[in-house]
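Have the 3D view open as you read.

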Amino acid sequence: MSVLIFADAADGQIKKSSLEAITYGVDLAQKIGATASALVLGKVTDDLSALGKYGINKVYHIADEKYNQLDARLYTKAIASVVSTSGTQVLILCNNLTGKSVAPRLSVALKAGLVTGASGLPDTSNGFVVKKAVFSGKAYANIKIPTATKIIAISPNSYKTVAGEGKAEVIAAVGSDIAPQVKVTSTQKVTGQVPLSEAELVVSGGRGLKGPENWGMVEDLAGLIGAATACSRAVADAHWRPHHEHVGQTGGSIAPNLYLAIGISGAIQHLAGVNRSKVIVVINKDPEAPFFKAADYGIVGDAFEVVPKLIDAVKQFKGVA
Amino acid sequence: MKILVCISKTPDTTAKIAFADNNTKFAQDGVQWIINPYDEWYALVRAIELKEKDPSTIIHLLNVGGADTEPIIRKALALGGDEAIRVNTEVSDSYYIAAQIAAIAKEGYDLVLTGKETIDYNGSSIGGMVSELLDINYVSLATKLELNGSTVTLNREIEGGEETCEAPLPLVVSCQKGMAEQRIPNMKGIMGARTKPLKVVEPIAADILTSIVSFELPPAKAGVKLISPDNPGELVKLLHEEAKVI
Ligand SMILES: Cc1cc2nc3c(=O)[nH]c(=O)nc-3n(C[C@H](O)[C@H](O)[C@H](O)COP(=O)(O)OP(=O)(O)OC[C@H]3O[C@@H](n4cnc5c(N)ncnc54)[C@H](O)[C@@H]3O)c2cc1C
């Protein structure tokens, strides 16, 4: 048996979410008595043999620069060929942009059952059953994959990376000779901020903050603890904040370790995108706000008084006061 | 330009999520159904905008589902689109559904649009599967789409931002926020939708690669611990010592 983890990179480095996928794949391999290998596409600056410290034996590397941009069709052909030549039974990806673009294509190319957004190791006591969040985090489904080759795309931030010692063997592999057709012409990155999809801590603001001019304290608090910022749909619709910060049923779905919501009522559609967060803190002046029912910690109070005090308390805690 | 917009039916966003038959089925009693918001607000509205710019554009809506999805299809037609096709089957495996869509999409569409995912199964798989079945390009999680002749310029989400890319037609795109703004159907649209063609076709034979064994609800929260607004230091302490998140 063998498990292959497709680890994608950005700016020459393996993404944090793919390191989580690697740990997941290594744990799965151990569980089913298989070996775990990784596959990396494109030129990278990371030393790939260092993936050995996560428990990887072999790293297949197709070092062609054309893979430094995402072309789902091209990626699929390359990954599918390594799956076939390496005799892989279970392919693991992270359910990020790359995973969402290529995992479904691979499912077709390999005739392999796919579960996207998986949140735990499969149950192998009766077949091969993978748990995933459904109804935008309001429930879970257990899904059976009966096909010989199986694909799992795990949710970012749902599995903790564990590093130890070790060195992996890096094997140069060749991709397909077709040329990319999807060409990236420019990127617009929000610099200096933790990407929301990968963030462990998130500070989020709602309409209770009254206007975009009041986001300074949200950003200050987020900056202090190294958190990403998010917002409710009402806020994104009013163009107070950019669209990619919108979380909820019709925005991003996130599962950080901490979700701190300021001036957000906690409508069912908002909760849908954030209720997989491990710890939820709510600051709202209305004690009846529905969000308190979904929260672990809460402060009933005016954000404009509470948040500056909270910032001072965090500064004191961090010793930066 | 011929555009195929894939439309699916999902429970209303406020629907109570409960399960029946020993937690093997979604309990549908009293549930209101809507067009999957990503399909409606982004994929369909963007297609309509393209037709408004170039009236020779043809938009077909496609649903894979039972007869009970017809009210949803009519609602989508009230927003826009020339005609609709329903593939008459109720199977919920993504591969099976994608195979039905691909069988229709291969009949000469330039652009196939889907929502980025459905809000019930959150699979985010159909568009990618269709593109592979047709061996054409796929751009997922797109926030912007412009046509220039036979090239499409798109923005798509990446970690911490967006990137702009170009792809040739034919193309499959999964759409999300940013692409267009939600619209409300007007009276003329609603009246017109009644007489637009809605063709029902039978499914092709296709494999099923996965099956749902059971559903479960997340464990309930223990209840909120309230902290005095005058003492946020207590919150910092709890987050550090008890929750261990900072
Ligand atoms: C189909 C559909 C899909 C949707 N999808 C989403 C989604 O994906 N994400 C999403 O967020 N919403 C979504 N919504 C909208 C959702 O129903 C709510 O309308 C929205 O989340 C409300 O945003 P809010 O909490 O910021 O604003 P409000 O509901 O206006 O709440 C503001 C809150 O701030 C509090 N407040 C006011 N002043 C202060 C103060 N000084 N200090 C502290 N607290 C204060 C108030 O007590 C209130 O609780 C969707 C709705 C529909 C119908």
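## Helix packing

In this predicted model, H2(B) and H5(B) sit oblique to each other. The numbers behind that: helix H2 (residues 70–79) of chain B and helix H5 (residues 187–195) of chain B pack at an angle of about 125°, and their axes are 7 Å apart. Since angles of 65 to 115 degrees count as roughly perpendicular and those over 145 as roughly antiparallel, oblique is the word for this pair. As for handedness, H2(B) and H5(B) make a right-handed crossing.

Now hop over to chain A. There, helix H4 (residues 216–225) packs with H7(A) at an angle of about 20°, with 10 Å between the axes. That angle makes H4(A) roughly parallel to H7(A), because the cut-off for that label is anything under 35 degrees. The crossing of H4(A) and H7(A) is left-handed.

## Around the ligand

Where does the ligand lie? You'll find it between chains A and B. There are 28 residues around it, and the ones that come nearest are A:Ser232, A:Thr250, A:Ser265, A:Gln269 and A:His270. Sorted by class, that shell holds 15 polar, 7 nonpolar and 6 charged residues.

| Residue | Ligand atom | Distance |
|---|---|---|
| A:Ser232 | oxygen | 2.6 Å |
| A:Asn284 | oxygen | 2.7 Å |
| A:Asp302 | nitrogen | 3.0 Å |

How much of the ligand's accessible area does the protein cover? On its own the ligand has 980 Å² of it, and the protein covers 81%. Three elements of chain A give two or more residues each to the shell: helix H5 (233–237), helix H6 (268–274) and helix H7 (303–318). H7(A) is also the helix that packs with H4(A).

## Two backbone spots to look at

First, chain B. B:Leu169 and B:Pro170 are joined by a cis peptide bond, with omega at about -5°. To find B:Pro170, go to the loop between strand E11 (161–168) and strand E12 (171–175) of chain B.

Then, back in chain A, check A:Lys210. This residue isn't a glycine, yet its phi is positive, near 70°. A:Lys210 is in the loop that runs between strand E13 (201–205) and H4 of chain A, and that H4 is the helix lying roughly parallel to H7(A).

Conventions:
Residues are numbered from 1 along each chain as its sequence is written. Chains are lettered from A and ligands numbered from 1 in the order in which they are written. This is a predicted model: local features need pLDDT of at least 70, side-chain atom pairs count only at pLDDT 80 or more; totals for chains, interfaces and linings use all residues. Side-chain values use heavy atoms; hydrogens and water are left out. A residue is near a molecule or strand if one of its heavy atoms lies within 4 Å of it. A polar contact is a pair of N or O atoms within 3.5 Å; within protein, one must be able to donate a hydrogen and the other to accept it, and residues adjacent in sequence count only if both atoms are side-chain atoms. Accessible areas come from the Shrake-Rupley method with a 1.4 Å probe; for residues, only the protein chains shown count as cover. Helices (H or I, at least four residues) and strands (E, at least two) are DSSP runs, numbered from the N terminus. Ala, Val, Leu, Ile, Met, Phe, Trp, Tyr, Cys and Pro count as nonpolar, Asp, Glu, Lys and Arg as charged, and the others, Gly among them, as polar. Axes are lines fitted to C-alpha atoms, for helices over the stretch in contact, and angles run from 0 to 180 degrees between N-to-C directions. A crossing is left-handed if the near helix is turned anticlockwise from the far one by less than a right angle, and right-handed if clockwise.
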